[in-house]
Amino acid sequence: MAPESRSVLANAGLFVSLLALTSLVPVQAAVTSSTPDYAKRAERILKGTPLIDGHNDLPFAIRRSTNDQIYNGKVPFETALKGHTDLPRMRKGQMGGQFWSVFIPCPSDPNAPINFPTYATRDTLEQIDLARRLVDKYSKDLMFCDNPGCAKRAFRQGKIGSFIGIEGGHQVGNSIAALRQAFYAGARYMTITHNCDNAWATAASTVRAGKPDLGMTEFGSQLVKEMNRLGMLVDLSHVSHQTMRDVLKIAQAPVIFSHSSSYEVSKHLRNVPDDVLKTVAKNNGVVMVTFVRTFVNVTDPDSVNIDTIVKHIFHIAEVAGWDHVGLGGDYDGTSELPKGLEDVSKYPDLIAKVLENGATDAQVRKLVGENVLRVWTEVEQISKKIQRSGALPVEEIWEGRNGTLAKRSASTFIPMEGPAPYEFGCD
């Protein structure tokens, strides 16, 4: 055999041997080595961009369990709480900011007149006080902020920015003057309605009960006007669909939905229909996706998991754009949480899943915090412009179920004989 022939055969034998060796290597190992590490990408994003959740009801959970008492070990926030939120889990969830809801329920009697007096305004102030005392107590980790610049600064300092939102217009007693005082006390958004109508607008729960959707009242336009002047975020979670449309027609500044999802994906009236999503994009606002199982899948809530929430996120991004979607879990305001999102520590898992479904790093940074900070910044800028124009505080007051404006009179007032009973549930 010629030397060159022997060389060819030798090389062929070497090739066969190498082929045999490579066939012993598990196929899965090769696949795994080329699979992107979405968890590491999520971690990297959350180290550089604050994850800001739009709605957490921990203050109300504390109210129910300890009557707002947080000292002497009554609320071990630094170790472990029974609900969905405490400091260790917020840190594990890489949270960079939280809007704490200072929620007080609607009066329990659905037939009570809207101007029936309750202790809701007093109790709301107590909840604001509680939230601020909690932040002060844990100031090594939390920082109270009433502006977006402070929120960014808190994140740079390694702290969790803490902001305050009021979850229902009934909580300021149908009074624009009371709204101003809540703003001065530190509240930076107000949900126009909770699960009851008020002087401002119709609630989604009213329409779910089979009553007509009357949208926003005449007085409601004055509320939006004053919130825009103050620089207070207008929150449209909980309101009826017509109220959403009415507010967006007149709002001078971007709005938020602090904890709502997509109506097209799940036909629950707490969610946002596509025509409203398109208007939110024009308004430059943000819809912060909530996790409540019965909201995000009305037909089969028991099947809800992280993938369900991702579906809502991507639908809102598709219709309104990635500039107009955020996160508002509603932790400690519901017992109906998805598999895999049982508490605030699970946020990195959600972000990894969004990345796995094709979102870019830039899109995810918008989702987790950049969008809501942009909205908050623009609301402040528009407020300053309105005030520089010489606009004065709104002085109108309200009287009557039809939302008409009226001068204050003795007949406006009903003697307060005691606290109205409340219904619980913050969804």
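At what angle do helix α3 (residues 38–48) and helix α15 (residues 347–356) pack, and how many Å apart are their axes? In this predicted model, the two helices pack at an angle of about 115 degrees, and their axes are 8 Å apart. That angle makes α3 roughly perpendicular to α15, and the crossing of the two helices is right-handed. The points below take up this contact, then two further helix pairs, and finally a pocket.

**Helices α3 and α15**

- On the α3 side the contact is made by Y38, A39, R41, A42, I45 and L46, while α15 contributes P348, I351, A352, L355 and E356.

**Helices α4 and α6**

- Helix α4 (residues 58–66) and helix α6 (residues 120–137) have axes that come within 10 Å of each other and cross at roughly 105 degrees, and these two helices are therefore roughly perpendicular to each other.
- From α4, the residues L58, P59, F60, I62 and R63 take part in the contact, and from α6 the partners are D123, E126, Q127, L130 and L134.
- The contact of α4 with α6 divides by class into six nonpolar residues, one polar residue and three charged residues.

**Helices α7 and α16**

- Helix α7 (residues 148–156) crosses helix α16 (residues 361–388) at roughly 145 degrees, and the axes of this pair come within 9 Å.
- In this pair P148, A151 and K152 of α7 meet L373, W376, T377 and E380 of α16, a contact that by class holds four nonpolar residues, one polar residue and two charged residues.

**The second largest pocket**

- Taken by class, the lining of the second largest pocket is made up of six nonpolar residues, four polar residues and four charged residues.

Key
Residues are numbered from 1 along each chain as its sequence is written. This is a predicted model: local features need pLDDT of at least 70, side-chain atom pairs count only at pLDDT 80 or more; totals for chains, interfaces and linings use all residues. Side-chain values use heavy atoms; hydrogens and water are left out. Ala, Val, Leu, Ile, Met, Phe, Trp, Tyr, Cys and Pro count as nonpolar, Asp, Glu, Lys and Arg as charged, and the others, Gly among them, as polar. Axes are lines fitted to C-alpha atoms, for helices over the stretch in contact, and angles run from 0 to 180 degrees between N-to-C directions. Helices (H or I, at least four residues) and strands (E, at least two) are DSSP runs, numbered from the N terminus. Angles under 35 degrees count as roughly parallel, over 145 as roughly antiparallel, 65 to 115 as roughly perpendicular and the rest as oblique. A crossing is left-handed if the near helix is turned anticlockwise from the far one by less than a right angle, and right-handed if clockwise. Contact means heavy atoms within 4.5 Å.
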